[in-house]
Amino acid sequence: MTRMTRMTGTTDTTGTIEAVDIVAGYPGREVLRGVSLAARPGEMLGLLGPNGAGKSTLLHVLAGIHKPRSGTVRVDGQDVFALGDRERARRIAVVPQRIEIPFGPRVATVALMGRYAHAPGFSGYGPQDEEIAADALREAGAAHLADRALSELSGGEQKRVFIARALAQRARVMLLDEASSGLDPARAIEIHDLLRRKCRQGAAVVIAIHDLNLAALYCDRMVFLKDGRVAAQGATAEVFSKEVIAGIYETTPELVRHPRLGIAQALFVPGADGDR
Amino acid sequence: MTPRPMTSADRPACAHTGRPALFAVLAGLAALGLASVFLACLFGPARVPALAAARVLGGVFGGGASGADPTLVTVVRDIRLPRAALSWLVGAALGLSGGVYQGILRNPLADPFTLGVSTGAAFGASLAIFLGLSSVPWLTALGLDPVPLAALAGAMAALAAVIALAGTGGGTRRETLVLAGIVTATFLSALISLLKSLGEESVAGIVYWLMGGFAGRGFGHLALFLPYFLVGLAIIARYSRELDILALGETQARMLGVRAARVRLYLLIGASLLAAASVAVAGVIGFVGLIVPHLVRLVLGSEHRPLLAASALLGGILLVWSDVLARTVLPHGAELPAGVVTALLGGPFFCLLLRGRAMGRA
């Protein structure tokens, strides 16, 4: 935790993840056509946009897993694709969408996997790693699952386990693909509260998220992707508007204020497509 | 021929034993394995009293020269002990190798022979038999049996071909690997058939070798097998931690800092060394590599370290007793191939298992 709480200067790139002019895709299909963004320590950045806008691909590029055709990704000021695998995993932690596994290892073991990048090859995980992994499970509210097999958990439980694994990585940058999809509202709030706490402790968090209102409640800034380009980005209070949302999702919402927090929330209107 | 389990039947039961219990299970299996090897020395066409056999074995390990009957010493020490030890180690190698293959290919139907290693070995052995290498004087003078050596070479060559083929077809993706294995195996099977049809006098030898077994295996085979066993074991032990991570998929593994493609290749080579050496000394013995990891998974769950350790130990025990059965079930010292015994026992047993699980779920 000490590494995370350390404050950084404004010009310092430590703990910052930054993508510049990313063009990326798959053979015969371009998904991202020149995307730039940055997330700084203490910041939660929401990645929004319709299905197929390129959110997941962008997360994979940011994670250093999918090599872009052009453009650069830097973490701590260093090219992500020039880092060694372990080095990269010590700086960036990724929480995947639900994954299919034929054989499930135990939850405790999955959390311990977060320590792989820190534990040298021959000696394996040490007692300290076990402790950090156990702490991470507690923090993510998954300690009671430790002895269950990953493959027998519900979607929400699995998510907590993957978040615990990411916490165990002790990386300053966290990337999440749909942190709360398939979770009930209380679970979703819990998980995002946890992510916000991590931000307060100095983590840079990027979440790809479909739920606009949840994003508005938690994200400091938002990046809207559409057709592989950044359609809008900025502080949540600025970009979360009727016009921006209507332009991106092709349906016009009504905006209301959250009665307790005063944050804008979007309400969608059935049959509203024709109004435009 | 072999009934394959359904994927859906492969979800691990929720039984995950704690560490002390796990340790007890592994220690028990190890003790049972050693006991099996010694007990196996009592069985065979020649009657050996248990006490006399124990004295001979005590002489082997204690070093104390006992005045035992020399024929008895020959039977127990020079024939049965190496054979039992070999069957134990081969069983362990197959169980281990099957567990690793199922893990890296993320496929519950994979076994040590999925990538064509066995067909490569069979082709090597068939070629050696076809060319009559067993009767080449200078080879036999050196005390070398060319058939297992040729089998080993064939297995390694097949593995190299599969990896090269998969590499040209877009990296070592799982599907590409399996496909390359099938292509290689099919091609080599055709070549074996060709050899059989060309050399009529070697057909019997080839067929007999293909059935697999431990008849006439001794210290020479043990010496040939052991180095490959140890190297394969070391590779797998070194990368067993990564195996759990790879089971979540290559992307996940890379995100956690694992050099996924490279580690998978190492594990593949480790598991294939075990499979190749097994085939070289004992022919193609089916079922152990497929079933034993499944059985273990039902009890211990899918975590690879306990899974592989228990699969090795259980595979060893299974094959020791299969071989005992193979050499005692027929009268007058006639033998069944051990591969036939494992398949005959394993098939119905696995059907029962599947049925039990299906009923348990309903």
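Predicted model: local features only at pLDDT ≥ 70, side-chain atom pairs only at ≥ 80, totals over all residues.
## Crossing of α4(B) and α8(B)

Helices here are DSSP runs of H or I with at least four residues, strands are runs of E with at least two, and both are numbered from the N terminus. Helix α4 covers residues 117-130 of chain B, and helix α8 covers residues 203-211 of chain B. Their axes lie 9 Å apart, at an angle of about 150°. Axes are lines fitted to C-alpha atoms, for helices over the stretch in contact; angles run from 0 to 180 degrees between N-to-C directions. The pair is therefore roughly antiparallel (over 145 degrees).

From α4(B), the residues A122(B), A125(B), S126(B) and I129(B) meet G205(B), I206(B), W209(B) and L210(B) of α8(B). Contact means C-beta atoms, placed from the backbone, within 7 Å. By class, this contact has six nonpolar, two polar and no charged residues. Nonpolar means Ala, Val, Leu, Ile, Met, Phe, Trp, Tyr, Cys and Pro; charged means Asp, Glu, Lys and Arg; the others, Gly among them, are polar.

## The sheet of chain A

Chain A has an open sheet of six strands with mixed pairing, in the order β6-β7-β8-β3-β9-β10. Two strands pair if DSSP finds at least two bridges between them. At the edges stand β6 (92-95) and β10 (229-235) of chain A. Each has a single partner strand, so one side of each lacks a neighbour in the sheet. Neighbouring strands are turned by 15° against each other on average, direction ignored.

Strands β7 (residues 173-177) and β8 (residues 204-208) of chain A pair in the parallel sense over five bridges. D177(A) has A208(A) in β8(A) as its bridge partner. Helix α10 (residues 242-249) of chain A lies across β9 (221-226) and β10 of chain A, at about 160° to β10(A).

## Interface

Chain B puts 26 residues in contact with 25 residues of chain A. On the chain B side, α9 (219-246) and α10 (250-255) each supply at least two residues. α10(B) gives the most, with four residues. By class, this side has nine nonpolar, eight polar and nine charged residues.

## Confidence and conventions

Over residues 1-10 of chain A, pLDDT stays under 50.

Local features need pLDDT of at least 70, and side-chain atom pairs count only at pLDDT 80 or more, while totals for chains, interfaces and linings use all residues. Residues are numbered from 1 along each chain as its sequence is written, with chains lettered from A and ligands numbered from 1 in the order in which they are written.

Note on methods
Contact = placed C-beta atoms within 7 Å. pLDDT = per-residue confidence, 0-100. Parallel < 35°, antiparallel > 145°, perpendicular 65-115°, else oblique.
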